[in-house]
Amino acid sequence: MTYGWTGKLLRVNLSTGSITTEDSSKYNDYIGGAGLGDRIIYDEVPVGTKPYDEANKLIYAVGPNTGTSAPCSGRTTITSLSTYTKDNMVVNAHMGGEFAVQLKYAGYDALIVEGKASSPVYIKVDNDNVSIEDASDLWGKTTRETSKLICEKEGQGFCVTSIGLAGENMVNLACMINAANHCGGAGTGAVMGSKNLKAIALYGSGSVKVSNPAKILELNKHVISDLMGSNNNHVVPSTERPWAEYSNPSSRWTGRPGLTWGAAEGGAVDTGDAPPGELNKFGYRCQKAYMDFGPVSEKYTVKMTGCTSCPVRCSSVVYLPELEKEGYTSAVSNTCMPNFMWSKIVKNYKDYVEPEDGRFYFNVACMSTADDLGLWDNYGELPNTIAYFINNGLLEKILPADEFNSLKWDLYEAGDAGFVKDIMYRISKKEGVISTLGEGAYFVNERYKKLLGGKYLNAHEMSVWSPLGWSKHHGNEAAAQVGALINNVYNRDCMCHTIVNITGSGLPYEVQKGIIDGLFGEGALDKPKAYTPVNQAKAKFAKFGVVKQSLHDSFTLCNWVWPMTFSPRKDRDYKGDLTIESQYMSAITGEKWTEESLDFAAERVIQLQRAMQVLWMNTVDMRNAHDKITDWPFDMEPDFKPFEEGTIKLDREDMIKAYTLFYKEMGWDEKTGAPTRETLEKFGLNDVAEKLASLNLLP
């Protein structure tokens with residue numbers, strides 16, 4: 001009996017129409033999710049393949065934890081080749097919603113999509129019945145229209161993941177959307193478009209077999225009662241509560257008496273108090289729209305929603321009927337950057353119903369449009385780029401005069417989201433020169449390098465972290481060198497919340513420091529904006545972040561909440577429990593797992609991905625070829641010097657040392673940052689070591 005894993009992969013070849021299944025157990029050493037996807041890309045996609053080549057693949061993968069009822073286990077990892085960064089290396093996209101559980105209940109650990117259909121299609125998975133269906137009538141439809149039409153045809157129980165115009169036209173910054181608003185980014189929507197794959201419709205009526213169901217239920221209760229806080233595992237409330245020793249206004253634990261879901265069906269719902277241990281109130285803790293927009297959002301909030309198996313409910317559903325008059329979807333939901341990034345493109349916002357509600361309406365309108373089009377903001381990079389080109393007078397220089405004048409500048413001056421909606425449609429349809437801004441920062445910089453003069457990628461307001469083209473994702477503001485190092489490990493923004501969940505937990509610094517220094521050594525965690533030079537404890541802390549991110553993307557768990565480093569409970573001295581994932585793994589699989597053995601398996605995934613970087617870039621010099629940082633983290637806040645209190649500015653010489661210490665922790669060559677033969681063989685990657693050796697790519 002196999003527990004946790006289904007033991008099956010589903011492979012669909014769109015070129016030949018072949019649909020087959022195969023044993024997935026050969027990938028169990030990689031846990032699942034990201035690990036499984038990375039290994040398949042390594043084994044099956046030739047080095048040098050481009051993202052839109054027929055030889056590229058899309059792997060939708062889940063882990064042994066998916067579908068077990070473990071909190072926050074409804075994540076899917078999508079692995080393919082990057083469409084928008086230099087060298088088009090392997091990337092993992094992360095998607096919430098319902099896809100993961102439906103895939104697992106249908107009986108599969110992964111869906112591998114390969115080849116290219118000759119005309120638009122969608123893949124229908126109804127348990128064991130899998131087919132490739134004609135999607136010609138769906139091509140050109142929005143993601144919401146596509147989901148509606150497929151569900152009307154196939155049944156309301158299907159979970160539909162689809163692309164919009166941006167994916168169809170292979171816009172580099174295109175995403176896929178499932179369950180109306182859950183995004184899988186990293187350009188994977190464009191890869192779907194390159195394969196003429198409009199959608200995937202999933203329905204699973206099976207279950208996941210686990211070794212010890214009673215233990216899983218026990219763990220669930222323990223995690224929700226004793227360890228979880230709110231979104232990003234903020235473990236203190238945002239306002240003073242009689243049951244809480246600490247509070248912090250930046251916490252996402254915003255629920256409190258008097259704060260309501262003002263637009264809830266049947267009348268306003270008071271979120272009230274949700275102290276630790278009261279399980280039935282947990283879902284009222286996080287009112288994300290209120291955190292992003294304040295009181296103006298309260299009367300429009302319908303409820304909080306989220307992914308399957310998640311009690312946190314971090315995504316605010318808001319209903320703004322005024323937007324219907326202007327052709328927008330009026331009910332939308334999101335939890336991250338689209339909530340507030342688009343409004344930076346304009347200087348002011350028109351009021352809708354009451355004074356000062358414009359920014360809220362503006363962002364919701366843009367978010368609605370982006371979801372319809374399947375257009376990915378890339379952690380703010382696309383709106384940053386549009387704003388940068390406007391604010392620096394660059395649009396006039398790259399656009400023909402008639403195209404520049406055709407933009408809706410009257411709406412721009414009025415602070416109307418229609419200005420951005422028009423640009424989004426042009427980008428998604430690849431209409432005009434302005435559509436080049438959707439290629440991603442690296443390719444935008446390459447295209448307009450002479451005009452940009454080296455300033456664009458290095459501008460603080462752009463927040464591009466790597467010269468290879470990915471954005472910062474909680475960088476030097478999250479424990480200085482620790483957050484900085486993590487942003488250099490991947491081939492896209494790191495998507496790692498392990499560290500920012502700690503620094504942003506809401507607990508006083510002294511409490512955080514006691515726990516973190518106890519784990520990694522004295523000096524692991526500095527006081528915010530009072531950073532000290534790098535040390536080995538910080539390198540250990542950074543490795544912890546990388547390994548836990550890899551674990552959660554492979555297991556699969558939501559890294560926006562896990563790991564349970566801290567607890568909201570005073571009687572635990574606010575200490576979490578980092579063994580919980582391994583306890584779940586043991587209860588699920590019936591095998592004996594420890595935190596150390598599970599982290600080892602997760603690190604195997606990182607070691608493989610590092611070796612793939614060496615292969616794809618054809619050099620061992622990862623320090624200089626892959627791990628460089630743009631200038632702004634070193635040049636920001638010119639009135640400060642690095643290490644002065646009040647700044648998060650990095651020091652160049654200190655970061656050189658930081659790389660060396662981190663490479664040592666990872667078992668990589670301390671000069672080049674490339675994995676050594678010894679390290680690869682330690683993780684059972686002997687075949688990978690041999691391949692690198694044959695190409696003279698071992699340090």
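This is a predicted model: local features need pLDDT of at least 70, side-chain atom pairs count only at pLDDT 80 or more; totals for chains, interfaces and linings use all residues.
Close-up 1. R39 forms a salt bridge with D687. The closest N and O atoms of the two are 2.5 Å apart. This pair links distant parts of the chain. R39 sits in helix α1 (residues 33-44), while D687 sits in helix α26 (residues 686-694). The two are 648 residues apart. D687 is partly exposed, with a relative accessible area of 38%. The structure as a whole holds 42 salt bridges.

**Close-up 2. R241 forms a salt bridge with D273.** Their closest N and O atoms are 2.8 Å apart. Look for two loops here. R241 lies in the loop between α6 (213-227) and β13 (260-261). D273 lies in the loop between β14 (269-270) and α7 (288-293). The pair therefore ties together parts that are 32 residues apart in sequence. Are R241 and D273 buried or exposed? Both are buried.

**Close-up 3. R610 forms a salt bridge with D627.** The closest N and O atoms are 2.7 Å apart. R610 belongs to helix α21 (residues 595-617). D627 is in the loop between α22 (622-625) and α23 (632-635). The two positions are 17 residues apart in sequence, so the pair ties these parts together. R610 counts as buried, at 1% relative accessibility. D627 counts as buried too, at 2%. Elsewhere, salt bridges that share partners make one network of R11, E22, E44, K57 and E114.

**Close-up 4. Six strands form an open sheet.** Strands of a sheet pair through backbone hydrogen bonds, either parallel or antiparallel. The order here is β8-β7-β12-β9-β10-β11, and the pairing is mixed. Which strands stand at the edges? They are β8 (129-134) and β11 (182-184). Each has a single partner strand, so one side of each is left without a neighbour in the sheet. From one strand to the next, the twist averages 20°. Strand β7 (residues 121-126) and β8 run antiparallel, joined by six bridges. V125 stands opposite V130 in β8. Helix α3 (residues 143-154) lies across β7, β8, β9 (159-162), β10 (176-178) and β12 (197-203). The helix runs at about 145° to β9.

**Close-up 5. Strand β5 is largely enclosed by the rest of the structure.** Why is that said of β5 (residues 90-95)? Six of its six residues are buried. V90, N92 and H94 point one way from the strand. V91, A93 and M95 point the other way. Strand β4 (residues 76-81) runs antiparallel to β5, and six bridges join the two.

**Close-up 6. Helix α19 packs with helix α20.** Two packed helices are described by the angle between their axes and the distance between the axes. For α19 (residues 536-555) and α20 (residues 580-589), the angle is about 30° and the axes are 12 Å apart. That makes α19 roughly parallel to α20. The crossing of α19 past α20 is left-handed. Which residues meet? L551, H552 and F555 come from α19. They meet E581, Y584, M585 and I588 in α20.

Note on methods
Residues are numbered from 1 along each chain as its sequence is written. Side-chain values use heavy atoms; hydrogens and water are left out. Two strands pair if DSSP finds at least two bridges between them. Helices (H or I, at least four residues) and strands (E, at least two) are DSSP runs, numbered from the N terminus. Axes are lines fitted to C-alpha atoms, for helices over the stretch in contact, and angles run from 0 to 180 degrees between N-to-C directions. Contact means heavy atoms within 4.5 Å. Buried means under 20% relative accessible area, exposed over 50%, partly exposed in between (1.4 Å probe, protein chains only). A salt bridge is a side-chain nitrogen of Lys or Arg within 4 Å of a carboxyl oxygen of Asp or Glu. Angles under 35 degrees count as roughly parallel, over 145 as roughly antiparallel, 65 to 115 as roughly perpendicular and the rest as oblique. A crossing is left-handed if the near helix is turned anticlockwise from the far one by less than a right angle, and right-handed if clockwise.
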